[in-house]
Every structure is written in C-alpha cells, then in structure tokens.
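Please keep the sequence and the view at hand while reading.

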Amino acid sequence: MEKRVTFNERWLPYFLVAPQIVITLVFFFWPSGQAIFQSVITEDAFGGNTKFVWFDNFVHLFSDPGYFDSVRLTVAFSAMVASLGLAISLLLAVMADRVIRGATFYKMILVWPYAVAPAVAGVLWGFLFNPSVGVVAWMLSAIGIEFNYVVNGNQALILVVIAAVWNQVSYNFLFFLAGLQSIPKSLIEAAAIDGAGPGRRFWDIAFPLLSPTGFFLLVVNIIYAFFDTFGVVSALTSGGPGQSTNILVYKVYNDGFRGQDLGGSSAQSVILMAIVILLTFVQFRFIERRVHY
Amino acid sequence: MSRILLSSVAAVAMLASAQSASAQTEIQWWHAMGGNLGETVNALADQFNKSQKEYKVAAVYKGSYTETLTAAIAAFRAKQAPHIVQVFEVGTANMMAAKGAVYPVYQVMADAKEPFDPKAFIGPVYGYYSTTDGKLLSMPFNSSTPVFYWNKEMFQKAGLDPNTPPKTWKDVGEAAAKIVASGGKCGFTSQWQTWALIENYGAWHNLPFATKANGFGGTDIELKFNDEPRIKLIQMLADWGKDKRFVYGGREGKSTALMTSGECAMHIASSGSASAIEAGLGKEKVGIAMMPYSPEVKAEPQNSIIGGATLWVLQGRPAAEYKGVAKFLTFLSSAEVQAQWHQQTGYVPITLAAAKLTEDAGFYKKFPGRDIAVKQLTLHEATENSKGLRIGNFVQIRDVVDEELENVWSGKKDAKAALDDAVKRGNELLRKFETANK
C-alpha cells in the first residue's frame, strides 16, 4: 500500500508552504511582471513621460544586428563554460575520489574558488593576464605568445571563459564527488573481479550512474553561464574589446543601468527569461528521459 | 535602579540634543567621489556646515557615476530624492529630458533670491551645462579637460629634448618612433579614447561632433564625426599600433597604468589625472602641455571641451529646503572654495576668479603645467563646435564608439568603416532618444 502523509487540518498545508510561495511571488513573479510591463513602455529615466509603445522595444532589438551577434556569442559562451566546467570538475572529482591520503585537504582546496565572488574572480584573472603587469601574460610572451585581452577579442573571450569556469568548477566538483561516493562499492568491486580495468569501470558503471547528477549540473551550469557570469564580464572586459564579450546578460545591465534605457533593457530580460524557460523545459522534457535515476 | 535612572536620563538628553540638531535643515548631496576626492568633498561639506547654522549638508558617497545616478533615480521614483546629485557630463542631455525631475540651477538661484553671475564662470565650463540662451541648468563641480603628458626621462633616453613637448600629431609620431627605437615599450597612449580622440579632437580643430551645434539646438540631430581628419587620425594611430608607437590600454582611465609604469612616453589624459601621474612617475619626470593638433586641418587649435561632472538639483523636496541648496551652491562656486578644490584635485576651477586666485598664490610656479587645462579651455572664444556636446543616450553612444575604435585597434576594421559604423549605430540611438522624448 502506498504510504501517504495526510493532514487533517484544512489550512495547515497551505500555511506550511506559504513562506515559500510568498518568497517566490515577491522575488520572482513580481519582478518578472515588472520586467514584462517595462518592456512595452518607454519612459525617461526618472519615470516621467511614460508611453505605451506595444512591441516597439522588441522591434528595435530584432532590427539590431548587434543583438543577434550577442545571442550567438552567448550560445557559444554558455556551451564552452558548461562543457569545460563539467569536464574539468568530473576529472577532478574522479581523481579526488581515488585519493586516500590527504583527501580532505585536496577537497578543501578544490572547493575554495567557490567562495570567491564572480567579480573578484574577474579581477584576479585580469590581473594575472594583464598585458603589462600580469605574470601569466609575461610567461606567455616569453614563449612567444602575445597575450593582450584588451585588444584581442578572442583572447578576451578565452579569458572570460576561464574565469567563469574556474569560479564554477568547485560547485560541480562537490556534486560529482558526492555522486561518485554514493555509487555502491559492491558494483565497482564486482566489475573489478570480472576483470574490468579502471577505465572500463568508470565508463560502464560510474558514468551512467552519475548521469542524474550530470544532468542536474548541466541545467545549473547553463543557467549560470547565462546569468551569473555577469560579474566576471563586468570586472574583466566590460563587454569589449569591440563586442567580443558582450553576452546577453551584460547587455541587459549595460543598456539598463549605464544607458538608462529601461524599456529596451526590459525587453532583453523578457527574451532572456523566455530562453531560459524554454531551455529548462527542453532539458527536462527530452534529455531527462535518457537519464538513469 | 539608579543605573537605569541614569541611563534613561542620558537617553532623554541624547534625544533632546538629536532634536535640536534636526532643527537644522538637512541637505542631501549624493556624489561619486571616492578615495582622496571623497575626503576633499567631505571637507567642503564640513566647511559649509561650520560657516552657518541653518543648514547642514550631508555628503553621501554612492559609488561610481553610474551607481550614483541609478541610486538617485531609484530614490526619486520612491519619492525620497536627494536634493543634489552629481551626474557626469555625458548624462546631461538625458537629465535635461527628465522634465519634472530636475530643478534647473538658474531657477533655484532665482527662486531663492540668491545672487548669481553667469559671467563669473569660465566659458566652456558654463556653456556645456547651459541652455542655448545661456541659462545654467546644473552647477559645474569637477570639470577636467584632456591634456598632454610626457615622460621626460624617456625623452632624454631617446635623444629628444626633455623640455620640448611635441606640438603637432606629426611631432608625436616622430617622437614615438624615436622612443620605440631607443627601447621604449610604447610611444603614445590615450585615456578615454572617445572623449579625447573623437570629441576633443573635433573641438580642438573646430569640427562638429553632431549637427545643430552638437545637439544644443534640438534632439533631431545626426552624428558627424566620421569626417576626413578624424578618419585619418584613427587610421594613423592604427598604423602606429603595428610597431608600438601607439598602444591601446583599455577603456576609460585604464591606459594611465601604461604611463605611470613607464611603458608609454606620451599620454593624453584628463587634467584631473595630473596628481596620480605625478605620484606614479615622480613629479620631476612629468611634463604637461597642450594637446597636439594637426596644422593641415586647422592652422591653430580652437579650444578643448570639458569632461567631469556637475551637480543637479532634483525636484520633490519642500520649497523651503531649496533656499539652503542655493546657499550651498553659492558657497561651492565661491573663488576661495574653487581655488582650494582646483589645487587639491587638479580639476579645473569653474570661475575665472578662482583661476586668478590660484595664480596669485604662486601655485602654478610650484606645480608647472597645472594651468594648461584652463589655458586650453579659454584659448579662443568657443564656437558652436567647441562649446560642448548635448547628445541623448550619450553613455551608450560612447560605448558604441569605444567598441568600434577597438575594432580598429584589433585590426578587424579600417578607420573609415569603423567610424561610419559608429555614426550609423549612434544615429539609431539618437532616433530612439528623440522618439522617447517627443
């Protein structure tokens, strides 16, 4: 028989979920509603001269080739951040899982970067690669690579990806490590007795069993790349040089807060919101089916 | 028991004293001056507060210019606006468009019956922030203009006369070549590239940045800076970039690090950076001169325009409080205060009297070159091309120009294509501003 928790009190369940509902309404639905409202009006920065303009803000966006450049860039950027972030952290988690002596120390070191705010991570990496005083840039120039992210757009993008990945690896690492440690030892041992080598054991047993964790992290990482990398971009490149690191979320900030164009900026956030809803939906609807729980 | 009694007596006493303090009218002044500048600003507020009893100015640091503006806008929308907010010069057109939010300074002064003489101000400083018929909208506070800095030690090493700065862009090129040949890492770099190389190059050679007197005549304007001289200048710098005669050091003030670390020998930067550059290199190594010009474009330079920020008065406070605002603005623009501010920070004094006071005190003898900024601004009577810029959505337009210039420095575009694209993209932003403010 199915075990069910039942409430006798009619209002108690509502009361218990109320705090969460209130938080969701106040911090998610209300701002989203505001963004949708702002996206169909224009006004001056101080809130005067408000006009309802239907979808003018969106029309402006879609007639701007720069916007589509930013969309393409964001897709490429997110793919790089998510794939690199997951691959590196999986590798680290597998390594850390095998370490016996000093395991806690390694884990602590690997988790550290997560405590660093994205903006600080940006400044840190910017300093290392600074074309005139950066240690790494200096070493690169010693082996003949001229690294100048202030002028070179591709290098700037690489640097932003590195900083963003570095910041997220710890989070992924923790989940992968937990996932690896929850795989029953008996399975691995049985495979070992059957003569499977470490590589085979990983790909045929550990990897499939990690897929729920991997899937969850994929969703989280893509959302991270879309939204939370703002601080890294802001501190490192401000979207430049040219528009080579002007990803969508930075453009929203730049147009809204630097340019005081609230209508255009809100239109962009509405689109961004739609993209993420769609992505999450697709991921759960289609990819989740291939995941073993 | 007696302890409780004692502490409650103390509490009551404190309450009473707090009340008597709040009998003073408080004036909120939100600004974006951090570090040393912030301390100077606090000192100014203190000085005003000690000079009279009726009003108390509270200077509040709100972060960068953008953050300060955003905070003031949010506060205004919540009906908690500060009396005075410091806004950078590129925000001028957007502030003007915000009718009902700003209280023009000339009106504040007139309503408070505070004496106010527009003629006391330095022309281009006043002109940038006034209407076409000469009414002042916001009070100039920290104004600067780009000037030319050079590293005397590197000049000496390259076999150049350390005391003769290059006068023309051609001279700059020749000097840069010698610097690089003598082992220097970089010849020339510029701060705030759009402000220095596009906007000020235009004013300096009497070329328009936009139609209708650079936007002073209306919002239906078009950008004009993709002209022959500026295409040539940018292309020349891009060519110099190939052998380090020119090095791009990043947006805003980031390139100054190249100057203070001794990599670049020449630098165009804000006059407000003087003390930072002198502190970095050592005062004796730094020379300050007027910006170079192109004699083939104009036989003699016109005058430069300013950057920096002004103080805007916001609406929405009780009428009586604006009397205090007017008094404070008068205090800030007085010759003594301005002279003190100018000498401590390197910003341009906003009145002629303050400049004279500084000269009479022998300041320019002790700090040679600090008078260059005022000299540049007042070199000739300002024309409609050199009075200032009144461009809507200017923050975004500057970003666009920065981006397109970066495309030139990285070799993605040539100067003509980049400036044409910058004008095209900028015009779209102007159209957007025009429709939004009809």
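Lys413(B) is partly exposed, with a relative accessible area of 25%. Here buried means under 20% relative accessible area, exposed means over 50%, and partly exposed lies in between, with a 1.4 Å probe and protein chains only. The model is predicted, so local features need pLDDT of at least 70 and side-chain atom pairs count only at pLDDT 80 or more, while totals for chains, interfaces and linings use all residues. Residues are numbered from 1 along each chain as its sequence is written, chains are lettered from A and ligands numbered from 1 in the order in which they are written, and side-chain values use heavy atoms, with hydrogens and water left out.

Lys413(B) meets the side chain of Glu404(B) in a salt bridge, at 2.8 Å from N to O. A salt bridge is a side-chain nitrogen of Lys or Arg within 4 Å of a carboxyl oxygen of Asp or Glu. Side chains of opposite charge can pair when their charged atoms come close. Glu404(B) has a relative accessibility of 3% and therefore counts as buried. Both residues belong to a network of salt bridges that also links Glu403(B), Asp421(B) and Arg425(B).

Over all chains, the count by this rule comes to 30 salt bridges. One of them crosses between chains, from Glu43(A), in the loop between strand S1 (41–42) and strand S2 (51–52) of chain A, to Arg77(B) in helix H3 (residues 65–77) of chain B. Helices (H or I, at least four residues) and strands (E, at least two) are DSSP runs, numbered from the N terminus. In this pair the closest N and O atoms are 2.4 Å apart. Glu43(A) is buried at 15% relative accessibility, whereas Arg77(B), at 34%, is partly exposed.

Within chain B, Arg317(B) forms a salt bridge with Glu321(B), and their closest N and O atoms are 3.6 Å apart. Arg317(B) is partly exposed at 27% relative accessibility, and Glu321(B) is buried at 15%.

The next link is covalent in kind. How many disulfides does the structure hold over all chains? There is 1, where a disulfide is a pair of cysteine sulfur atoms within 2.5 Å. Cys186(B) and Cys264(B) form this bond, with their sulfur atoms 1.8 Å apart. The pair links distant parts of the chain, 78 residues apart: Cys186(B) lies in strand S6 (residues 186–190) of chain B and Cys264(B) in strand S7 (residues 264–270) of chain B. The torsion about their S-S bond is about 100°, so the disulfide is right-handed. Both cysteines are buried.

Turn now to the strands of chain B. Strand S1 (residues 25–31) of chain B and strand S2 (residues 55–61) of chain B run parallel and are joined by 7 bridges; two strands pair if DSSP finds at least two bridges between them. His31(B) has Tyr61(B) as its bridge partner in S2(B). Between S1(B) and S2(B) the chain passes through helix H2 (residues 35–51) of chain B, in a β-α-β crossover that is right-handed. That term applies if, with the strands pointing away from the viewer, the path from the first strand over the helix to the second runs clockwise.

Strand S9 (residues 307–313) of chain B is mostly covered, as 7 of its 7 residues are buried. Gly307(B), Ala309(B), Leu311(B) and Val313(B) are buried on one side, and Gly308(B), Thr310(B) and Trp312(B) on the other. Strand S3 (residues 84–88) of chain B runs antiparallel to S9(B), with 5 bridges, and Val87(B) has Thr310(B) as its bridge partner. Strand S4 (residues 139–144) of chain B is also antiparallel to S9(B), with 5 bridges; there Ser143(B) stands opposite Gly308(B).

The last stop is the surface of chain A. Phe27(A) lies in helix H1 (residues 12–39) of chain A and is exposed, with a relative accessible area of 58%. Phe27(A) is part of a nonpolar surface patch with Val17(A), Ile21(A), Val22(A), Ile23(A), Leu25(A), Val26(A), Phe28(A) and Phe29(A), and together they have about 890 Å² of accessible area. Patches are made of residues with over 30% relative accessible area and no salt bridge; like charges are joined within 9 Å, and nonpolar side chains (Val, Leu, Ile, Met, Phe, Trp, Tyr) within 5 Å. Accessible areas come from the Shrake-Rupley method with a 1.4 Å probe, and for residues only the protein chains shown count as cover.
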